[in-house]
Amino acid sequence: MPTDGPDPQTPGCAAEQVDTGRPHPARMYDYYLGGTHYCAIDAETAEEVLRRAPHVLDSTRGARAWMHRAVRHLAAAYGVRQFLDLGAGLPVAPNLHQVAQEVHPACRVLYVDNDPLVGASASALLGSGPAGQVVYRHGDLRRPATVISEARAAGLFDWGRPIALVLSGVLHFVPDEDDPAGLLRAYCDALPDDSYLALSHGTGDFSPTTADGAAVYAERKVAAPMVLRSHAEVVRLFDGTALLEPGVVRLPEWHPELGSTPHPEETLGYDPDQVHSYGGVARIRPPHTTESGGS
Ligand SMILES: C[S@@+](CC[C@H](N)C(=O)[O-])C[C@H]1O[C@@H](n2cnc3c(N)ncnc32)[C@H](O)[C@@H]1O
């Protein structure tokens, strides 16, 4: 559990556009990961979540480790060199581009987030190796047309080649009324053929205390409420894609063999039985679809 805490006056928190009177999911997540970008109100709220649902710490770390494995697998086994990361989060090394560029230095990454502090901290994200390229754009994933048009305008990607769309731990901040499945369809339709979708999502399937923790987001008016979804609901988010093995599973069960890297954050450690999130990786319009949706 993060103990040596934050100076609430961190430069990011002082940034004018950052709302320090209201907890934000990106900053709470940073607190769980032992980062340095959160403000006092985020730490207090995160501690309240952990009092009610102590496993959230393991879930957060397990989710970040899953994102690393998914990116590494896409780059190494499927040759993906372009990543669109929606809900990028605050920088905590290793970030997505560092994992991808370890596999191939030419990997390009476009990060998008709607939290102003993520934008203010983006310079830490943008330190790409010389062969690759990394860009950050402020944006709300609930506006796919705008996000895609800004992604195209950024001139980073070759839109004739596969792009991996990564939504790691973010769709549980999108309520049903915003139609997360419809949003995913819009992104998938806009991506080149044979692109990929990597998605992880919090669930209440394993313990009622997860819902107690999620309730704090509403009670404390966190900038985005948290919506837990069941296994069947997460599988449905992949409708129209071709899930890769092993389908939608609890995150520690997704290719655990890919996890051994020397990154300090991955050695923070977590109990796999306490990771209450699902995830999966799928192909979008592969040339010859042989795998089917669902798990
Ligand atoms: C739990 S963090 C996940 C960070 C990172 N993807 C990871 O896996 O470590 C969720 C992030 O999604 C962002 N977010 C939430 N709703 C969003 C939206 N509608 N559009 C863009 N970003 C959003 C938050 O600001 C936060 O940075």
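Me: Which residues does D42 touch, not counting residues up to four places away in sequence?

Reply: A contact is a pair of residues with heavy atoms within 4.5 Å. By that rule D42 touches R22, P23, H24, R27 and M28. Before we go on, this is a predicted model, in which local features need pLDDT of at least 70 and side-chain atom pairs count only at pLDDT 80 or more, while totals for chains, interfaces and linings use all residues. Residues are numbered from 1 along each chain as its sequence is written, and side-chain values use heavy atoms, with hydrogens and water left out.

Me: Where does D42 lie, and is D42 buried or exposed?

Reply: Helices and strands here are DSSP runs (H or I, at least four residues, for a helix; E, at least two, for a strand), numbered from the N terminus. D42 lies in helix α3, residues 40–52. For burial, look at relative accessible area: under 20% is buried, over 50% exposed, and in between partly exposed, with a 1.4 Å probe and protein chains only. D42 has a value of 0%, so it counts as buried.

Me: Which backbone nitrogen lies 3.0 Å from a polar atom of the D42 side chain, and which lies 2.8 Å away?

Reply: A polar contact is a pair of N or O atoms within 3.5 Å; within protein, one must be able to donate a hydrogen and the other to accept it, and residues adjacent in sequence count only if both atoms are side-chain atoms. At 3.0 Å you'll find the backbone nitrogen of H24, and at 2.8 Å that of C39.

Me: On to strand β5. How many of its residues are buried?

Reply: In a regular strand the side chains alternate between the two faces of the sheet. In β5 (residues 195–202), eight of the eight residues are buried, so the strand is largely enclosed by the rest of the structure. Both faces are covered: S195, L197, L199 and H201 are buried on one side, and Y196, A198, S200 and G202 on the other.

Me: Which strands does β5 pair with, and in what sense?

Reply: Two strands pair if DSSP finds at least two bridges between them. Strand β4 (residues 164–168) runs parallel to β5 over five bridges, and L167 has L199 as its bridge partner in β5. Strand β8 (residues 277–284) is antiparallel to β5, joined by eight bridges, with S277 in β8 the partner of G202.

Me: What handedness does the β-α-β unit have?

Reply: Point the strands away from you; if the path from the first strand over the helix to the second runs clockwise, the crossover is right-handed. That's the case for β4, helix α9 (residues 180–190) and β5.

Me: What does S195 contact, leaving aside neighbours within four places in sequence?

Reply: S195 is in contact with P162, I163, A282, R283 and I284. The C-alpha atoms of S195 and A282 are separated by 8.6 Å, although the two sit 87 residues apart along the chain. The S195 side chain also reaches the backbone oxygen of P192 at 2.7 Å.

Me: Last one: how many residues of helix α4 are buried?

Reply: In α4 (residues 56–77), 20 of its 22 residues are buried. Across the protein, buried residues make up 55% of the 295 residues. Just after α4, G79 takes a positive phi of about 70°.

Definitions and conventions. The expected span of a helix is 1.5 Å times one less than its number of residues.
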